[in-house]
Amino acid sequence: MKVIHTIADLKNYLLKERQNKKSVGFVPTMGALHAGHLSLVHACTKENDICVVSIFVNPTQFNDPRDLETYPRTLNKDLALLEPAGCDYVFVPRVEEMYPEPDTRVFDFGTIAEVMEGAHRPGHFNGVAQIVSKLFTFVEPDDAYFGEKDFQQIAIIRAMVRQLQMNVRIHACPILREPDGLAMSSRNVRLSDEQRQKAPLIARTLKESINFVPGKKVQEVIDFVVTTLNEEPVMRVEYFEIVDGYSLESVRDWSESDYIVGCITVYCGEVRLIDNMTYKR
Ligand code: AMP
């Protein structure tokens, strides 16, 4: 496994691989890796000759400076996890390498970037599109792997690939969870012991809400989830929306779409956790 820091080296290595007719798969990450990330790496190594993972805490997608400051960074541990997972190249650029000058590009993805995370984290998806478009340009992957935990992000990436007419297949991989149901996240390490103990309530409530659906209106399910979680003193629901899985527009009736997903963001203390649950597919 080679650890690469510059775009020039990355391009050189991958050019050689491509000359040898190797297919290239890519997993972009911000590091602090866990089994959720590794599941993407496994999908990538299974379906491609070469697996490239990037580790870069992208400043342009953080709307909260404190979140950027406290984002966990565990490079040595990350590298130790990636090697046995079959990763071939790890790209770990410095901020100046990716942004030698400010990226002034403004993307317009319409509604899918304006709802949910888009509404609560201004500029977040623009930053995601900035960094992922740069990474795709440098890596030129045949396939790229993203986690469904960041459900809205996948819709953004797909829209970006269409807009920029990039030749990369986007794969959505299922959410990996801790044994108690909590969606794995790099931010989970920031939970206090008490918060960590309470956090599985999010996934548990989403799961319970599936059993609650029969005979209920969409709004009743929303109220059930929000009320249950807000009753727990350490939790505060930022939003819970039940949306069409393609357009990300809210649905009012279960018959409105054949693909319906509930997306939630909850503050557990100071830590912002996201999760989602598919109601219909
Ligand atoms: P991040 O490092 O948080 O930017 O995540 C990098 C990639 O890993 C993104 O595509 C995430 O959606 C994905 N990912 C993060 N957590 C999980 C998880 N629990 N299960 C599956 N994929 C995940």
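Modeller: Helices (H or I, at least four residues) and strands (E, at least two) are DSSP runs numbered from the N terminus. This is a predicted model, in which local features need pLDDT of at least 70 and side-chain atom pairs count only at pLDDT 80 or more, while totals for chains, interfaces and linings use all residues. Residues are numbered from 1 along each chain as its sequence is written, and side-chain values use heavy atoms, with hydrogens and water left out.

Colleague: Which helix gives the largest share of the shell around the ligand?

Modeller: The shell holds 17 residues, each with a heavy atom within 4 Å of the ligand. The largest share, three residues, comes from H2.

Colleague: How much of the ligand's exposed area does the protein bury?

Modeller: Accessible areas come from the Shrake-Rupley method with a 1.4 Å probe. Taken alone the ligand exposes 490 Å², and the share of this that the protein buries is 93%.

Colleague: How much space lies in the largest cavity?

Modeller: A cavity is a set of points, on a 1 Å grid over the protein atoms alone, where a 1.4 Å probe fits but cannot get out. The largest cavity is the space taken by the ligand, and the space in it is about 830 Å³.

Colleague: Which helix gives the largest share of the lining of that cavity?

Modeller: Lining residues have an atom within 4 Å of a point, and the 48 found here include Met 30, His 37 and Lys 149 among those nearest the centre. The largest share, six residues, comes from H8.

Note on methods:
1 Å grid on protein atoms, 1.4 Å probe; cavity = no way out; pocket = protein on both sides within 12 Å on 5 of 7 lines; lining within 4 Å. Sits in = over half its atoms within 2 Å of the grid points. Points joined across faces, edges and corners; volume = space filled by probe spheres on them.
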